[in-house]
Amino acid sequence: MHIEDLIKEENVLLDFDADTKEEAIQQLAKTLFKHHKIDDLDGFLKDIYERESITSTGIGFGIAIPHAKSSHVIIPSVIFARSVEGIPFDAMDGKDAHLFFMIAMPEDGTNAHLKVLAMLSRKLMHEEFRTSLRDVSSIDEALQLLHTMN
(Lines give C-alpha, C1' and ligand atoms only; values in the text may rest on other atoms or scores of the structure.)
Protein backbone atom coordinates (compact mmCIF):
# COMPACT_ATOMS: atom_id res chain seq x y z
CA MET A 1 0.00 0.00 0.00
CA HIS A 2 1.47 3.33 -1.08
CA ILE A 3 0.82 6.64 0.61
CA GLU A 4 -0.23 8.26 -2.69
CA ASP A 5 -3.09 5.72 -2.83
CA LEU A 6 -4.28 6.89 0.58
CA ILE A 7 -3.72 10.67 0.59
CA LYS A 8 -5.53 12.37 -2.27
CA GLU A 9 -5.99 16.08 -2.94
CA GLU A 10 -9.39 16.16 -1.23
CA ASN A 11 -7.76 14.63 1.87
CA VAL A 12 -5.44 17.60 2.50
CA LEU A 13 -6.67 20.40 4.76
CA LEU A 14 -4.11 23.19 5.14
CA ASP A 15 -6.23 25.70 7.06
CA PHE A 16 -7.52 23.26 9.64
CA ASP A 17 -9.32 25.06 12.43
CA ALA A 18 -10.80 23.39 15.49
CA ASP A 19 -10.81 24.39 19.15
CA THR A 20 -10.86 20.96 20.77
CA LYS A 21 -9.70 17.41 20.18
CA GLU A 22 -13.34 16.34 19.63
CA GLU A 23 -13.92 19.08 17.04
CA ALA A 24 -10.73 18.07 15.25
CA ILE A 25 -11.69 14.39 15.13
CA GLN A 26 -15.21 15.22 13.93
CA GLN A 27 -13.99 17.56 11.17
CA LEU A 28 -11.50 14.99 9.90
CA ALA A 29 -14.14 12.25 9.91
CA LYS A 30 -16.65 14.55 8.16
CA THR A 31 -14.10 15.07 5.39
CA LEU A 32 -13.88 11.30 4.94
CA PHE A 33 -17.68 11.07 4.85
CA LYS A 34 -18.06 14.01 2.43
CA HIS A 35 -15.71 12.31 -0.04
CA HIS A 36 -17.38 8.88 0.30
CA LYS A 37 -14.43 7.20 2.02
CA ILE A 38 -16.70 6.02 4.87
CA ASP A 39 -20.37 5.08 4.75
CA ASP A 40 -21.50 5.96 8.29
CA LEU A 41 -20.12 9.03 10.06
CA ASP A 42 -21.44 8.16 13.54
CA GLY A 43 -20.33 4.54 13.29
CA PHE A 44 -16.84 5.54 12.16
CA LEU A 45 -16.58 8.18 14.91
CA LYS A 46 -17.54 5.52 17.46
CA ASP A 47 -14.63 3.37 16.22
CA ILE A 48 -12.22 6.35 16.34
CA TYR A 49 -13.28 7.29 19.89
CA GLU A 50 -13.05 3.67 20.99
CA ARG A 51 -9.42 3.61 19.83
CA GLU A 52 -8.79 7.03 21.38
CA SER A 53 -10.10 5.80 24.76
CA ILE A 54 -7.22 3.29 24.96
CA THR A 55 -4.61 6.07 24.83
CA SER A 56 -4.45 9.43 23.13
CA THR A 57 -3.18 9.43 19.57
CA GLY A 58 -1.57 12.80 20.25
CA ILE A 59 1.95 11.39 19.99
CA GLY A 60 3.87 14.58 20.76
CA PHE A 61 6.12 16.78 18.60
CA GLY A 62 2.96 18.60 17.48
CA ILE A 63 1.49 15.46 15.85
CA ALA A 64 -1.80 13.61 16.26
CA ILE A 65 -2.66 10.39 14.41
CA PRO A 66 -6.24 9.39 15.22
CA HIS A 67 -6.97 6.09 13.53
CA ALA A 68 -9.33 3.16 13.37
CA LYS A 69 -10.01 -0.10 11.62
CA SER A 70 -13.71 0.16 10.91
CA SER A 71 -16.44 -1.70 9.08
CA HIS A 72 -17.59 1.75 7.90
CA VAL A 73 -14.53 2.39 5.73
CA ILE A 74 -15.31 2.09 2.01
CA ILE A 75 -11.95 3.33 0.67
CA PRO A 76 -8.78 3.11 2.79
CA SER A 77 -7.66 6.70 3.32
CA VAL A 78 -5.44 9.07 5.23
CA ILE A 79 -6.45 12.67 5.85
CA PHE A 80 -3.67 15.19 6.42
CA ALA A 81 -4.55 18.44 8.16
CA ARG A 82 -2.41 21.33 9.34
CA SER A 83 -3.38 23.74 12.08
CA VAL A 84 -1.25 26.86 12.30
CA GLU A 85 -2.67 27.76 15.73
CA GLY A 86 -2.43 24.25 17.17
CA ILE A 87 -5.15 22.21 18.86
CA PRO A 88 -4.95 20.61 22.33
CA PHE A 89 -4.96 16.84 21.75
CA ASP A 90 -3.91 15.24 25.06
CA ALA A 91 -0.44 14.70 23.62
CA MET A 92 2.16 12.79 25.60
CA ASP A 93 4.37 15.90 25.74
CA GLY A 94 1.48 18.23 26.65
CA LYS A 95 1.94 20.36 23.51
CA ASP A 96 -0.77 21.26 21.00
CA ALA A 97 -0.95 19.32 17.76
CA HIS A 98 -0.32 21.12 14.47
CA LEU A 99 -0.07 18.14 12.10
CA PHE A 100 -2.93 15.64 11.94
CA PHE A 101 -3.17 12.34 10.13
CA MET A 102 -6.46 10.46 10.38
CA ILE A 103 -6.07 6.89 9.20
CA ALA A 104 -9.23 5.07 8.09
CA MET A 105 -8.77 1.39 7.27
CA PRO A 106 -11.33 -1.34 6.65
CA GLU A 107 -11.91 -3.94 9.32
CA ASP A 108 -10.71 -6.81 7.14
CA GLY A 109 -8.21 -8.48 9.41
CA THR A 110 -5.08 -7.12 7.73
CA ASN A 111 -2.73 -4.84 9.59
CA ALA A 112 -2.54 -2.16 6.88
CA HIS A 113 -3.19 0.54 9.48
CA LEU A 114 -0.05 -0.56 11.37
CA LYS A 115 2.01 -0.32 8.19
CA VAL A 116 0.70 3.19 7.56
CA LEU A 117 1.35 4.16 11.20
CA ALA A 118 4.92 2.86 10.91
CA MET A 119 5.46 4.70 7.62
CA LEU A 120 4.18 7.97 9.10
CA SER A 121 6.17 7.54 12.29
CA ARG A 122 9.43 6.91 10.41
CA LYS A 123 9.10 10.19 8.50
CA LEU A 124 7.58 12.27 11.28
CA MET A 125 10.40 11.57 13.72
CA HIS A 126 12.56 13.82 11.53
CA GLU A 127 12.22 17.44 12.58
CA GLU A 128 13.08 18.63 9.07
CA PHE A 129 10.12 16.71 7.61
CA ARG A 130 7.73 18.06 10.28
CA THR A 131 8.94 21.61 9.65
CA SER A 132 8.53 21.18 5.90
CA LEU A 133 4.94 20.00 6.39
CA ARG A 134 4.20 22.97 8.64
CA ASP A 135 5.62 25.35 6.03
CA VAL A 136 3.90 24.11 2.85
CA SER A 137 2.03 26.83 1.00
CA SER A 138 -0.23 24.72 -1.25
CA ILE A 139 -2.01 21.39 -1.40
CA ASP A 140 0.24 20.36 -4.32
CA GLU A 141 3.33 21.10 -2.25
CA ALA A 142 1.88 19.11 0.66
CA LEU A 143 1.08 16.15 -1.59
CA GLN A 144 4.58 16.17 -3.12
CA LEU A 145 6.09 16.05 0.33
CA LEU A 146 3.66 13.46 1.69
CA HIS A 147 4.14 11.20 -1.31
CA THR A 148 7.85 10.89 -0.44
CA MET A 149 6.90 8.82 2.61
CA ASN A 150 6.91 5.38 0.99
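A: Here is a walk through some loop residues and what surrounds them.

A quick word on ground rules: this is a predicted model, in which local features need pLDDT of at least 70 and side-chain atom pairs count only at pLDDT 80 or more, while totals for chains, interfaces and linings use all residues. Residues are numbered from 1 along each chain as its sequence is written, and side-chain values use heavy atoms, with hydrogens and water left out.

Let's start with P88, which sits in the loop between β5 and β6 (97-106). Strands here are DSSP runs of E with at least two residues, helices are runs of H or I with at least four, and both are numbered from the N terminus. P88 counts as partly exposed because its relative accessible area is 43%; buried means under 20%, exposed means over 50%, and partly exposed is in between, using a 1.4 Å probe and protein chains only. Setting aside neighbours within four places in sequence, P88 touches D19, T20, K21 and D96, where contact means heavy atoms within 4.5 Å. P88 and P106 are 18 residues apart in sequence, and their C-alpha atoms are 28 Å apart in space.

D90 is in the loop between β5 and β6 too. With a relative accessible area of 55%, D90 is exposed. Its phi is positive, about 55°, although D90 is not a glycine. Most residues other than glycine have a negative phi.

H36 also has a positive phi, near 60°, without being a glycine. You'll find H36 in the loop between α2 and α3 (41-54), and it counts as exposed because its relative accessibility is 58%.

Now for another histidine, H72, in the loop between β4 (67-70) and β5 (77-87). This one counts as buried, because its relative accessibility is 19%. Leaving out neighbours within four places in sequence, H72 is in contact with K37, I38, D39, D40, G43, F44 and D47.

Last stop: D17, in the loop between β1 (12-13) and α2 (21-34). D17 counts as exposed because its relative accessibility is 54%. D17 also belongs to a negative surface patch, along with D15, D19, E22, E23 and E85. Patch members have over 30% relative accessible area and no salt bridge, and like charges are joined within 9 Å; a salt bridge is a side-chain nitrogen of Lys or Arg within 4 Å of a carboxyl oxygen of Asp or Glu.

Key. Patch = residues over 30% accessible without salt bridge, like charges linked within 9 Å, V, L, I, M, F, W, Y side chains within 5 Å. Areas by Shrake-Rupley, 256 points an atom, 1.4 Å probe, with all protein chains shown as cover. Lys, Arg positive; Asp, Glu negative; His and termini not counted. Charge placed at Lys NZ, Arg CZ, Asp CG, Glu CD.
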